[in-house]
Amino acid sequence: MAKVMVVNGPNLNRLGTREPDKYGTTTHAELVDMVVAWAEGLGLEVEVGQSNEEADLVEWMHTAVDDQVHVVLNPAAFTHYSIALRDACTMVTDAGLTLIEVHISNPMAREEFRHVSVISGVATGTIAGLGVDGYRLALEAVARRVG
Ligand code: DQA
């Protein structure tokens, strides 16, 4: 069974109450349950992690490479400036693994500083602006690619 890790970056533990007009009202715990159910339906083995620390996200990318795990990543604010996370993501896709970047909101329709993603250039693909359903679409993309 193919493995996938769903990784959420800073402040996403506050989903449900954080700017619900932009991120909706689904809590992180509810999102985890949804992701687990979606992955199960697609025949994927899934682990979900969230951290507010850049180093944790970098280390999870290293683990993905070492354990051959595909990645669904919402880098949150790190999207816009973390070269360390970009470099770690490069190792994931260079290892032949799929890495889908997900954003709940559409950063391109928001402030200008959100228009740059340092992650997109090394991701397999990006899904943005479709709410938490973006995670389901990302898992489907992984499932199709590992086919
Ligand atoms: C986000 C968009 C980012 O700009 C923001 O910093 C986030 C969440 C999204 O899911 O829409 O924290 O990645």
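Figure 1. Residues are numbered from 1 along each chain as its sequence is written. The model is predicted, so local features need pLDDT of at least 70, side-chain atom pairs count only at pLDDT 80 or more, totals for chains, interfaces and linings use all residues, and side-chain values use heavy atoms, with hydrogens and water left out.

**Figure 2. Asn74 and Ala77 at the ligand.** Asn74 places a polar side-chain atom 2.8 Å from an oxygen atom of the ligand. Ala77 uses its backbone instead: a polar atom there is 3.2 Å from a ligand oxygen atom.

**Figure 3. The shell around the ligand.** Arg18, Tyr23, Asn74, Ala76, Ala77, His80, His103, Ile104, Ser105 and Arg114 surround the ligand. By class, this shell has four nonpolar, four polar and two charged residues. Tyr and Ala count as nonpolar, Arg as charged.

**Figure 4. Arg114 and Glu111.** Arg114, one of the residues around the ligand, forms a salt bridge with Glu111. A salt bridge is a side-chain nitrogen of Lys or Arg within 4 Å of a carboxyl oxygen of Asp or Glu. The closest N and O atoms of Arg114 and Glu111 are 2.7 Å apart. Arg114 counts as buried because its relative accessibility is 17%. Glu111, at 35%, counts as partly exposed. Buried means under 20% relative accessible area, exposed over 50%, and partly exposed in between (1.4 Å probe, protein chains only).

**Figure 5. Arg18 and Glu19.** Arg18 also belongs to the ligand's surroundings. The side chains of Arg18 and Glu19 meet in a salt bridge (4.0 Å, N to O). Glu19 has 32% relative accessibility, so Glu19 counts as partly exposed.

**Figure 6. Arg136 and Glu140.** These two residues form a salt bridge, with the closest N and O atoms 2.7 Å apart. The structure holds seven salt bridges.

Notes: A residue is near a molecule or strand if one of its heavy atoms lies within 4 Å of it. A polar contact is a pair of N or O atoms within 3.5 Å; within protein, one must be able to donate a hydrogen and the other to accept it, and residues adjacent in sequence count only if both atoms are side-chain atoms.
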